[in-house]
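Here are my notes for your first read through this model. Keep the 3D view open and find each residue as you go.

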Amino acid sequence: MLREFVLPALRPLMRSMLRPMLGGAGHAMLPLALLCTAATASAQYAPTGLHGGTLEIPVNKSQIVSADRPIAKAMIGSPEIADIVPLTDRSVYVLGKGMGTTSLTLYDGSGRVLTVMNIAVGPDAETFREQVARLIPGAQIDAQISGDSLVLTGLAYDAGSIDRAMQLARTYAGDKVVNMIGLGASQQVMLEVRFAEVSRTIGEELGVSGFGISDDGDFRGVQGRGANLLGGALDIDPILGKFGVLNGLLEIGDVTIDAYLDTLESKGLSRTLAKPTLVALSGETASFLAGGEFPIPVAQSGGLDDDGGATITVEFKPFGVSLSFTPTVLSDKTINLVVEQGVSAIDPSASVTVSGLTVPGLQTRRANTVLELRDGESFAIAGLLRDETTTSVQGLPFLSSLPILGSLFRSSQYQKGQTELLIVVTPRLVQPIRPDQVRLPTDRIADPHPADVLLNGDDYQPQTLPPAQSGPSTEVSDYEL
């Protein structure tokens with residue numbers, strides 16, 4: 001059933017509002033008859049070619065629909081969602097009243113359908129698009145109304161832009177926001193890291209050891225590092241790794257003493273440098289390890305072998321120079337970095353022995369930090385210092401404490417170690433290069449001819465390479481690999 005849609009209260013109000021636009025001709029609203037039908041009423045369907053698309057109208061806002069031919073009748077599917085008011089014989093004023101979707105059908109004077117369009121009333125998507133263009137420049141984010149929700153579509157190039165768009169959309173639709181924004185190709189970040197370590201050691205040793213025995217064999221004695229009695233025989237640890245060993249025989253009364261003097265002074269300097277380079281996508285993690293892995297026996301709880309003992313498995317622990325970083329490229333091309341780096345080395349002095357198995361220890365220095373840099377800027381982690389001093393004195397009680405002569409009854413060791421580690425990190429924004437721009441170290445060396453090797457002794461033949469092609473690129477990069 002069709003009924004005429006008459007608004008006695010709204011018509012004078014709309015006539016007074018629209019009179020300035022219509023030049024005071026309020027009667028221009030009369031040629032158009034407004035008819036409304038409920039959604040459950042019988043509907044007339046228009047051909048597909050007459051479909052006028054979808055018109056999005058924010059709640060309590062309006063749009064004007066115009067036709068190229070005179071409009072005799074207009075029908076709205078649900079007056080609770082949208083209302084219509086005639087302006088002229090070729091235009092209709094559509095007001096959004098409630099959340100939802102309905103349809104608007106326009107007819108000409110002979111009853112033929114001019115057009116059918118969907119009316120979507122919901123959050124203000126148009127104002128949202130304007131704010132996105134102003135507040136998030138560069139992001140290709142769009143919004144559509146779907147019922148009482150706001151659907152976000154389009155493309156963004158970083159996660160921060162998507163998060164800001166979601167926060168902005170919630171001010172329009174609350175929690176009824178559907179995020180369908182795609183993340184475009186991420187920027188690639190190359191991280192150059194330099195590990196520089198200098199270690200210096202100083203060591204001095206002075207020890208006296210020897211054997212003493214009387215002529216009749218009634219007296220025997222031994223002095224020195226590692227002195228022991230085994231099976232009735234006196235013994236000491238062998239003197240190994242010393243730079244100088246002096247030996248002499250002394251006789252004091254009927255006692256013959258076979259004395260040894262060992263001395264050592266050592267100085268050492270070592271330099272370690274590693275320059276790992278990693279490339280990762282924005283938001284992804286890349287890791288690097290230059291070193292190795294050593295085995296550690298692990299007893300499994302609840303597992304027994306054939307002999308009734310605990311089942312032993314082997315796990316491997318890494319050591320060496322390690323690096324792990326997660327870059328995130330922000331909207332202003334600033335690079336946020338989460339960096340974890342460390343240097344470790346096997347230390348036999350820190351080893352432990354369990355059930356006859358010796359497990360070595362590790363000397364480890366780590367640094368974890370979060371910071372922000374721009375392309376090509378560097379930061380340094382310094383102050384990773386280690387200063388160790390060790391002294392050891394072994395001797396005979398009382399006799400080793402005597403002035404001057406006490407040095408004959410003791411062995412002394414002095415060791416000092418100093419280590420300094422410096423880490424320099426430089427992030428760069430990079431783009432891929434063409435294959436013809438890549439030059440490998442092996443490209444400069446040709447396979448030698450057997451005659452050149454046998455007759456001339458040439459172990460390789462260097463060759464000159466043509467310069468790499470440097471054609472135009474579709475993308476401009478601040479750094480070239």
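1. Start with one term: a residue is buried under 20% relative accessible area, exposed over 50%, and partly exposed in between (1.4 Å probe, protein chains only). With a relative accessible area of 40%, Asp332 is therefore partly exposed. Look for Asp332 in the loop between β22 (310-329) and β23 (335-354). Helices (H or I, at least four residues) and strands (E, at least two) are DSSP runs, numbered from the N terminus. Asp332 and Arg374 are 42 residues apart along the chain, and their C-alpha atoms are separated by 9.2 Å.

2. A word on what you are looking at. This is a predicted model, in which local features need pLDDT of at least 70 and side-chain atom pairs count only at pLDDT 80 or more, while totals for chains, interfaces and linings use all residues. Residues are numbered from 1 along each chain as its sequence is written, and side-chain values use heavy atoms, with hydrogens and water left out.

3. How confident is the predictor? pLDDT is its confidence in each residue, from 0 to 100. The protein chain averages 75, and 81% of the residues score at least 70. Confidence is lowest in strand β1 (residues 3-4), at a mean of 32, and highest in strand β12 (residues 177-179), at 92.

4. Now to the rings. Rings of Phe, Tyr and Trp (its six-membered ring) pair if their centres lie within 6.5 Å; planes under 30 degrees apart count as stacked, over 60 as edge-to-face and the rest as tilted. How many aromatic pairs does a search of the whole structure find? There are two. In one, the ring centres of Phe128 and Tyr172 are 6.0 Å apart and the planes stand at 85°, so this pair is edge-to-face. Phe128 belongs to helix α2 (residues 125-135) and Tyr172 to helix α3 (residues 159-173), so the pair ties together parts that are 44 residues apart in sequence. Phe128 is buried, at 0% relative accessibility, whereas Tyr172 is partly exposed, at 24%. The pair of Phe294 and Phe319 is tilted, with 6.1 Å centre to centre and 50° between the planes. Phe294 sits in strand β21 (residues 286-304) and Phe319 in strand β22, 25 residues apart.

5. Stay with α2 for a moment. Its buried residues are Ala125, Phe128 and Val132.

6. Finally, the interior. A nonpolar core is a set of buried Ala, Val, Leu, Ile, Met, Phe, Trp, Tyr and Cys residues joined through side-chain atoms within 4.5 Å. The largest one has 25 residues, and Phe325 and Leu337 have the most contacts inside it. Strands that each supply at least two residues of this core include β22 and β23. Apart from it lies another core, of 20 residues, among them Ala125 and Phe128. In soluble globular proteins, nonpolar side chains tend to be buried together.

Conventions:
pLDDT = per-residue confidence, 0-100.
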